[in-house]
Amino acid sequence: VGMFDLHNRGYGVAKGIPSIVVAAASMDDVVAMLGFSVCIGLAGGAGNVYQKALAGPAAVVAGALYGCAAGALLGATKLWDA
């Protein structure tokens, strides 16, 4: 029994609980990948440590901005008006 199965059965749908749990699980994955990429970057050796440490969070911010821009662009089309 997964979260989507419980959503289909109607458990917690009125309060939006399944959507919040799925979103939280996705954010957990993002944080884990960010931490891993920062650690791998710092273990790389030569170079500026501060630049390597900030490369991961900068990539996440850039990805969020690109995602918002793409969402706004797609939201302005008739593609999602069905």
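Me: How many Å apart are the end C-alpha atoms of helix α3, residues 49–75?
Reply: Keep in mind that this is a predicted model. Helix α3 has 27 residues, and at 1.5 Å a residue they should span 39 Å. The distance between the end C-alpha atoms agrees with that: 40 Å.

Me: And helix α2, residues 17–43: what does it reach from its first C-alpha to its last?
Reply: Helix α2 has 27 residues. At 1.5 Å a residue, the expected figure is 39 Å, and the model comes close to it. From first C-alpha to last, α2 reaches 39 Å.

Me: Where does α3 bend, and which proline follows within four residues?
Reply: The bend in α3 is about 35°, and it sits at alanine 55.

Me: Which residue's side-chain oxygen reaches the backbone nitrogen of tyrosine 50?
Reply: Look at the start of α3, where you'll find this contact. A side-chain oxygen comes to within 3.2 Å of the tyrosine 50 backbone nitrogen. The oxygen belongs to asparagine 48.

Me: What comes after α2 with a positive phi?
Reply: Follow the chain past α2 and check the phi value, which is near 110°. The residue with that positive phi is glycine 45.

Me: Is valine 13 buried, partly exposed or exposed?
Reply: You'll find valine 13 in the loop between α1 (3–9) and α2. Its relative accessible area is 37%. Buried would need under 20% and exposed over 50%, so valine 13 is partly exposed.

Me: How far apart in space are valine 13 and valine 38, C-alpha to C-alpha?
Reply: In sequence, valine 13 and valine 38 are 25 residues apart. In space, C-alpha to C-alpha, the gap is 37 Å.

Me: Which residue forms a salt bridge with arginine 9?
Reply: Side chains of opposite charge can pair when their charged atoms come close. The count here comes to 1 salt bridge, and its closest N and O atoms are 3.1 Å apart. The partner of arginine 9 is aspartate 5.

Me: By about how much of helix α1 are arginine 9 and aspartate 5 separated, and what is the relative accessible area of arginine 9?
Reply: Arginine 9 and aspartate 5 are 4 residues apart in helix α1, so about one helical turn separates them. Aspartate 5 is partly exposed at 29% relative accessibility. Arginine 9 counts as exposed, with a relative accessible area of 52%.

Conventions
Residues numbered from 1 in each chain as written. Predicted model: local features only at pLDDT ≥ 70, side-chain atom pairs only at ≥ 80, totals over all residues. Heavy atoms only, no water. Helix = DSSP H or I, 4+ residues; strand = E, 2+ residues; numbered from the N terminus. Expected span 1.5 Å × (residues − 1). Bend = angle between axes of the 7 residues up to and from the residue. Polar contact = N/O pair within 3.5 Å; in protein donor to acceptor, adjacent residues only side chain to side chain. Buried < 20%, exposed > 50% of the residue type's maximum accessible area, 1.4 Å probe, protein only. Salt bridge = Lys/Arg side-chain N within 4 Å of Asp/Glu carboxyl O.
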